[in-house]
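Here are my notes on this model, as numbered points. Please read them with the structure open.

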Amino acid sequence: MDNQQKISGKVMAAVFATGIMSFCGVLVETAMNITFPTLMQEFNIPTNLVQWMTTIYLLVVSIIVPISALLKRRYRTKSLFIVANLLFILGVVIDAFSPIFPLLLVGRAIQGIGTGIALPLMFNIILEQVPTSKVGFMMGIGAMITGIAPAIGPTFGGVIVNTLGWRWIFAFLLPILLFSLLLGIWGIQQKSAISKVHIDILAMLGITIFFSGLIYGFSNLSSGHFLSLSVGGAILIGLLGFVWFSYRNHQIATPILALHLFRNSNFAGHILAFFLIQFLSLGNAFLLPNYIQLVNGNSAMVAGLIVLPAGVIGAIMSPIGGKILDAAGARKPLITGTSLMLLANLLMAVNAMHLNTVYIILVYAVYMGAMGMTMGNTMTDTLSVIDKKDSPQGNAILNTVQQFAGAVGTSITSAIVAFSQQAQHSKGALPTALGTRNAYWILVVAAIVLLFLMIKYASHPKNQVNE
């Protein structure tokens with residue numbers, strides 16, 4: 001019986017090895033956000049330039065992830081993992097010793113290539129090598145590994161910057177990455193056949209233009225000039241890139257992304273729900289540390305400590321939510337989780353002018369616990385409504401959406417706060433609180449749509465296609 005099947009030690013090692021790489025990617029991203037003021041002073045650069053430390057990384061990950069399904073078919077899983085890990089290590093070494101800011105960006109871009117290759121590997125290994133009855137639990141474990149990183153990232157970054165200096169953020173990653181490399185070399189096994197599929201350069205050009213235009217445009221939203229070339233123009237160019245990609249994708253023998261999957265309304269509804277989960281989470285991840293510092297007057301390190309408990313709870317709830325899915329189906333944890341996410345965002349919006357430390361800790365803990373229960377399960381349920389042979393393509397779409405939604409969530413919420421600050425000609429407590437309140441009401445609307453999608457599309461146990 002499938003229920004009695006065990007997950008082998010090598011499969012567990014493979015999941016942890018690939019998960020550790022994703023963990024390092026998110027950890028350095030969230031830790032470096034704390035260092036922006038230090039980098040601006042050391043390299044004598046403005047705010048809009050230092051933000052490219054995050055933007056260039058997200059951009060490269062977004063471009064690489066869509067080809068993950070083709071890479072999986074063309075190359076051995078262990079080879080992909082080793083290349084990804086070594087690239088990440090190279091990027092970390094470059095950043096640890098970089099004397100100039102442009103070289104820092106080069107290092108971050110190389111890390112993005114490594115993460116873009118490694119991120120889908122973990123979920124592909126789970127889907128391919130874990131018994132069906134344990135997939136929900138292991139997807140939760142995978143989400144937990146990466147989910148711990150944003151919880152500890154700000155605190156880790158604050159402590160390191162205040163004691164050893166920002167370069168040590170990268171130095172501390174090296175032994176973790178080397179451990180991941182050795183674990184993956186031992187544990188990763190090849191279970192699928194290899195075929196020499198072609199990766200179309202012209203289609204890749206379309207993907208590159210699409211994500212470059214949209215991420216660049218959304219990152220400039222806070223300028224307030226939507227009709228400018230740097231915002232509306234960039235977004236338009238990005239959309240034209242997607243039109244070209246869609247056309248080219250349908251012309252080639254081996255499509256980069258299986259866009260035909262969106263004809264399945266159940267799959268499309270799940271993808272939109274997953275987008276909204278990421279949108280909500282990255283919006284919260286920007287708003288609360290910003291509020292804690294600018295409105296409540298705390299330091300960056302204190303802000304990291306305040307959001308830490310919620311992050312830990314979210315990570316713990318990921319495998320618990322997965323076990324609930326394995327036992328009772330997706331519907332129960334998904335609807336419960338999204339209902340609590342809506343409640344938490346509503347509580348933040350209603351009291352946004354007066355969020356004290358205890359209130360933030362408690363309400364954000366509810367939010368992150370619910371999100372932890374929801375995110376991995378949404379991925380599992382999304383892939384359950386398509387054929388098993390399409391799982392790598394579905395996984396590629398999910399991971400692509402995850403990166404893009406994060407960039408959009410951060411950009412839109414930061415722009416709303418910036419508009420309020422510009423209207424009041426101040427970055428003080430009152431304008432920031434007003435902007436935060438406005439942003440949270442946007443998140444409430446998004447959470448309502450998310451709950452509706454879960455009620456409509458979350459699977460009953462017998463409705464899954466690929467079991």
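Predicted model: local features only at pLDDT ≥ 70, side-chain atom pairs only at ≥ 80, totals over all residues.

1. E42 is partly exposed at 41% relative accessibility (buried is under 20% relative accessible area, exposed over 50%, partly exposed in between; 1.4 Å probe, protein chains only). Its side chain meets that of R167 in a salt bridge, 3.5 Å from N to O (a side-chain nitrogen of Lys or Arg within 4 Å of a carboxyl oxygen of Asp or Glu).

2. Residues are numbered from 1 along each chain as its sequence is written, and side-chain values use heavy atoms, with hydrogens and water left out.

3. How many salt bridges does a search of the whole structure find? Four. One of them joins R248 and D200 at 2.9 Å, N to O. R248 lies in helix α11 and D200 in the loop between α9 and α10, so this pair ties together parts 48 residues apart in sequence. D200 is buried, with a relative accessible area of 6%, whereas R248 is partly exposed at 22%. Helices here are DSSP runs (H or I, at least four residues), numbered from the N terminus.

4. K389 and D390 form another salt bridge, with the closest N and O atoms 3.5 Å apart. K389 is exposed at 68% relative accessibility. D390 is buried at 12%.

5. Look next at α4, residues 52–64. Its 13 residues reach 18 Å from first C-alpha to last, close to the 18 Å expected at 1.5 Å a residue (the expected span is 1.5 Å times one less than the number of residues). Twelve of the 13 are buried, M53 among them.

6. M53 is also among the residues with the most contacts inside the largest nonpolar core, alongside L39 and I256. That core has 154 residues (buried Ala, Val, Leu, Ile, Met, Phe, Trp, Tyr and Cys joined through side-chain atoms within 4.5 Å). Beyond its neighbours within four places in sequence, M53 is in contact (heavy atoms within 4.5 Å) with residues including F36, L39, R108 and F170.

7. N44 deserves a check. Its phi is near 55 degrees, a positive value in a residue other than glycine. N44 is in the loop between α2 and α3, and is exposed at 71% relative accessibility.

How values were computed
Helix = DSSP H or I, 4+ residues; strand = E, 2+ residues; numbered from the N terminus.
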